[in-house]
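Hi everyone, thanks for coming. Let me put the structure up, and then we can walk through it together.

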Amino acid sequence: MVPNCFHPLGARATAARSPSAKVVGPASVRDPQLSLHMAFQDAGFRSATKELDVLPVEGCSFLDETVLFHRPTGSLIRADLVIRACPRDHFTWRWAARLTGCWETVRPPPDVKSATKPNDATARSIDRMAALPLTRILVAHADPIDDSPSDTLLEAWRFVRTP
Ligand SMILES: [Fe+2]
């Protein structure tokens with residue numbers, strides 16, 4: 001799965017090692033040499049992953065991320081919806097996180113935040129996720145977020161609310 005337009009890293013190599021695998025991702029993926037077999041909204045993906053709800057982050061084309069909700073565990077799964085650095089991270093990320101406000105604080109990635117203006121579509125997408133019975137948020141650049149995950153998500157993305 002390619003979670004958003006930023007993260008095709010490794011997808012081509014993984015697909016080459018597993019020729020029968022299907023590559024799923026957004027059409028906006030930034031790797032012209034990567035062949036996608038289907039999108040997250042396609043019936044083929046949905047029928048193969050019945051335990052997952054597919055939740056696109058609307059109004060945020062800079063990232064074009066699709067979030068998955070695993071109903072049996074209450075897990076919201078994705079890559080860059082939010083990030084947070086901790087003492088176990090590489091020193092470069094610890095340093096960058098202190099500069100960008102992500103040190104031990106759940107935030108959207110700074111570049112995503114600066115490229116996303118307040119808009120109702122994104123706010124609705126975040127509300128839809130936060131209304132789910134979340135037990136945790138699992139993302140690429142943070143430990144599992146299991147302390148008030150819905151409230152944490154709402155606070156991190158509060159900047160998209162229109163006045
Ligand atoms: Fe990332």
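Let's begin with contacts: of those in the protein with a separation of 6 or more, 53% are between residues 24 or more positions apart. Two residues are in contact here if their C-beta atoms, placed from the backbone, lie within 7 Å.

A word on what you are looking at. This is a predicted model, where local features need pLDDT of at least 70 and side-chain atom pairs count only at pLDDT 80 or more, while totals for chains, interfaces and linings use all residues. Residues are numbered from 1 along each chain as its sequence is written.

Now the overall layout. The protein has six helices and four strands, and reading along the sequence gives α-α-β-β-β-α-α-α-β-α. Those elements are DSSP runs numbered from the N terminus, with helices being H or I of at least four residues and strands being E of at least two. Along the principal axes, the C-alpha atoms fill a box of roughly 40 × 35 × 30 Å. What about the radius of gyration? A compact globule of 163 residues would come out near 15 Å, and the protein has 16 Å, which agrees. For the record, that radius is taken over C-alpha atoms, and the globule rule is 2.2 Å times the number of residues to the power 0.38.

Next, the domains. The protein is divided into domain 1 (1–49) and domain 2 (51–160), with bounds that come from an automatic or database domain assignment. Their centres, taken over C-alpha atoms, are separated by 21 Å. Across the boundary, 11 residues of domain 1 are in contact with 10 residues of domain 2. On the domain 1 side, the touching residues divide into five nonpolar, five polar and one charged. In that count, Ala, Val, Leu, Ile, Met, Phe, Trp, Tyr, Cys and Pro are nonpolar, Asp, Glu, Lys and Arg are charged, and the others, Gly among them, are polar.

Let's go inside. Buried residues make up 28% of the 163 residues. Buried means 20 or more other C-beta atoms within 10 Å of a residue's own, exposed means 12 or fewer, and partly exposed is in between, with C-beta atoms placed from the backbone. The largest nonpolar core has 26 residues, and those with the most contacts inside it are Val-67, Leu-76, Val-82, Met-129, Ile-137, Val-139 and Leu-153. The elements giving two or more residues to this core are β2, α5 (120–130) and α6 (149–156). A nonpolar core, by the way, is a set of buried Ala, Val, Leu, Ile, Met, Phe, Trp, Tyr and Cys residues joined through C-beta atoms within 7 Å.

Leaving aside neighbours within four places in sequence, Leu-76 is in contact with several residues, including Val-67, Met-129 and Ile-137. Val-82 sits in the loop between β3 and α3. Is Val-82 buried or exposed? It counts as buried, because it has 26 C-beta neighbours inside 10 Å. Not counting residues up to four places away, Val-82 touches Ile-137, Val-139 and Leu-153, among others.

The arc is that of the directions from the helix axis to the C-beta atoms. For α6, the buried residues are Pro-149, Leu-153 and Ala-156. Their arc is 65 degrees, so they line one face of the helix. Their cover includes β3 (75–77), α5 and β4 (136–138).

After α6 comes the segment that holds Val-160. This residue is buried, because 22 C-beta neighbours lie inside 10 Å. Among its contacts, leaving aside neighbours within four places in sequence, are Thr-122 and Ile-126.

Asp-64 has a positive phi of about 50 degrees although it is not a glycine, and it is found in the loop between β1 (52–56) and β2 (66–70). Glu-104 also has a positive phi, near 55 degrees, in the loop between α3 (91–100) and α4 (110–115). Asp-64 is partly exposed, with 19 other C-beta atoms within 10 Å, whereas Glu-104 is exposed, with 12.
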